[in-house]
Amino acid sequence: MKEKIANLILNAATSAYEKGDLPSAEFSEIEVEVPKIESHGDFSTNIAMIMASALKMPPRKIATAITKNLIDQKEMLANTEIAGPGFINFFLKASSWHPILRKIHAEDSRYGAADLGKGKKIQVEFVSANPTGPLHVGHGRGAAVGDSVANILRFCGYDVETEYYINDSGRQIETLGRSVFLRYKELYGMDVQFPQDYYQGDYIRDFAKEIKSLGGKALLEQDEEKSVSDCARFAARSITAQIRQDLTDFGVTYDKWYSEQSLYDAGTVSAVIDDFKNKKIIYEKDGALWFKTAEFGDEKDRVVVRQNGQTTYFASDIAYHRNKFERGFERVIDVWGADHHGYIQRVAASIQASGHQKDQFNVILVQLVNLLRGGEPVAMSTRAGEFVTLSDVVSEVGRDAARFLFLTRNYESPLDFDLELAKQKTNDNPVFYVQYVHARIASILRKGKERGIQHINWEDESVATLKALEEINLIKTMSRYPEVIKSSAVNMEPHRLTFYLMGLASDFHAYYNKHRVLTDDPLLSHGRLYMVTAVQKVIRNGLTLLGVSAPEKM
RNA sequence: GCGCCUGUAGCUCAGCUGGAUAGAGCAACGGACUUCUAAUCCGUAGGCCGCAGGUUCGAGUCCUGCCAGGCGUACCA
């Protein structure tokens with residue numbers, strides 16, 4: 001619709017120039033937007049103001065020249081006006097909106113899809129929590145954001161692959177192994193000192209017990225370091241499996257699970273280090289190896305191999321990100337917790353050092369989640385009885401409510417997640433508000449069927465009955481859906497879609513309360529059913545991209 | 001100290017990349033269920049958009065400087 005208006009303006013300006021009403025027909029891109037205020041029309045353009053300085057003409061005069069030359073071939077317009085400093089406002093006839101409905105029905109679950117990506121290979125990596133403990137709420141937010149960003153980009157024509165990076169190597173895994181082994185020793189009555197910085201949770205004891213029941217005291221009879229690494233592998237593997245299950249329960253599945261250890265096994269890490277040494281961007285100082293990240297905009301250089309010969313986490317991350325590009329991704333998106341923001345520069349540095357562009361690497365920094373219950377903060381400790389894990393939250397409030405709530409905020413803002421609120425079935429909790437629309441329409445359709453209405457399709461006469469204010473509003477809102485999708489994709493901001501759906505839901509509920517869909521007038525009922533099923537499709541379409549279900553009944 | 005994020009109605013947040021008179025929900029107050037699901041709707045009230053400058057036809061939005069809060073600033077991940 002916007003493009004049609006823009007074309008109208010373009011043609012009008014050109015013919016104004018040909019007739020000599022305007023000194024030039026050169027202008028930048030025509031911006032057409034939906035005014036905030038209804039009385040300013042359905043669409044508005046500021047083109048006259050933009051052109052004013054170049055043409056050295058007062059904006060209102062330019063606007064007059066353009067409106068005078070408008071040729072409304074399809075008779076879409078009811079009226080135009082020049083307002084304020086030089087806006088041109090367009091008022092459309094109600095019937096101009098009707099074809100949108102046909103489009104929605106025709107495109108169905110593809111309505112709103114755009115080919116922004118043109119098949120470009122893009123990777124979205126998210127959550128990637130260390131396999132040293134269960135996922136918490138913060139990871140849930142990352143999962144909700146990452147998964148729906150991936151969905152939206154895929155919907156917009158990108159070839160998207162989602163990935164979970166398993167940090168199954170390095171010091172934290174070793175500590176995990178030592179923690180389990182110590183608990184294992186305890187089971188055999190050995191006197192052990194359990195350090196503060198080891199993993200304290202009860203699940204560590206459970207692993208020890210499992211290992212004992214599986215293999216008895218075998219671990220005491222072999223080399224201690226071997227036992228530690230056996231414990232580490234056992235624990236990491238089962239925690240990873242649990243994480244995978246928790247995410248599945250949350251509705252998130254990945255295309256690929258990628259192991260950090262595999263980078264070492266394949267020699268990728270040492271290959272990158274050698275390569276960077278050759279390029280003279282890795283040097284030795286104080287017995288450690290440093291990467292010159294400062295040359296790429298980081299505050300200072302960073303260590304990749306410690307004095308003791310061990311590589312840092314950063315070293316494998318360099319290899320990992322290089323590997324991503326080697327796998328053919330043209331763009332790589334990482335979803336990280338805000339507490340990792342200091343890490344962006346150095347990873348970006350490594351990507352540039354590997355010969356890729358800065359803008360091929362995007363980080364979505366998701367701010368922290370504060371868990372509340374009835375307005376009171378829930379202590380994020382492992383004390384018994386307190387809900388801290390993602391799986392606890394999901395089983396208490398439900399998958400849909402949790403996912404939707406995570407997306408009701410720009411990810412750049414910290415989020416208060418209130419467990420009581422999430423369970424409430426009121427307007428305070430917008431998931432149900434949106435889902436209710438879908439269920440209500442499903443109910444109308446069931447009733448319609450009882451009355452013998454089977455086929456709901458486009459009929460000129462019945463669609464023509466749609467001219468109530470609330471009906472036109474609904475259709476207008478639906479016509480904006482493709483733009484919302486597009487801007488969510490470009491900005492990687494799923495919350496735009498969330499808010500749009502709440503708005504559409506609001507329009508629908510208002511309509512529902514004022515008008516009946518099934519009336520005594522068959523023509524009218526049919527037209528309204530046609531429209532309402534379109535609403536249902538848009539709602540379902542949007543909820544699906546957010547990873548939220550669209551129920552037939554509530 | 002430096003870096004990133006945030007500051008909009010009493011509370012929780014939007015604000016379409018610079019547009020006209022700043023919008024929702026909750027809470028408050030007043031209304032609407034014999035009718036397709038009241039998990040809904042309608043109305044009233046509520047604002048120095050943190051503060052001060054600047055950029056321009058035009059700023060909640062961009063720039064600079066302050067103020068406040070969160071996070072980060074490892075040879076941890």
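I looked up a base contact and found a base oxygen of RNA strand B 3.1 Å from a polar backbone atom of Leu 518. I count a polar contact as a pair of N or O atoms within 3.5 Å; within protein, one must be able to donate a hydrogen and the other to accept it, and residues adjacent in sequence count only if both atoms are side-chain atoms.

The model is predicted, with local features needing pLDDT of at least 70 and side-chain atom pairs pLDDT 80 or more, while totals for chains, interfaces and linings use all residues. Residues are numbered from 1 along each chain as its sequence is written, chains are lettered from A and ligands numbered from 1 in the order written, and side-chain values use heavy atoms, without hydrogens and water.

I then checked sugar or linking oxygens of RNA strand B. One is 2.4 Å from a polar side-chain atom of Asn 130. I also noted one 2.7 Å from a polar backbone atom of Glu 412.

Which residues come nearest to RNA strand B? Of the 63 around it, they are Arg 306, His 341, Tyr 436, Ser 443 and Asn 491.

I sorted the residues near the strand (a heavy atom within 4 Å of it). There are 24 nonpolar, 22 polar and 17 charged. Here Ala, Val, Leu, Ile, Met, Phe, Trp, Tyr, Cys and Pro are nonpolar, Asp, Glu, Lys and Arg charged, and the others, Gly among them, polar. The largest share, eight residues, comes from α17, a helix (a DSSP run of H or I, at least four residues).

Key: Helix = DSSP H or I, 4+ residues; strand = E, 2+ residues; numbered from the N terminus.
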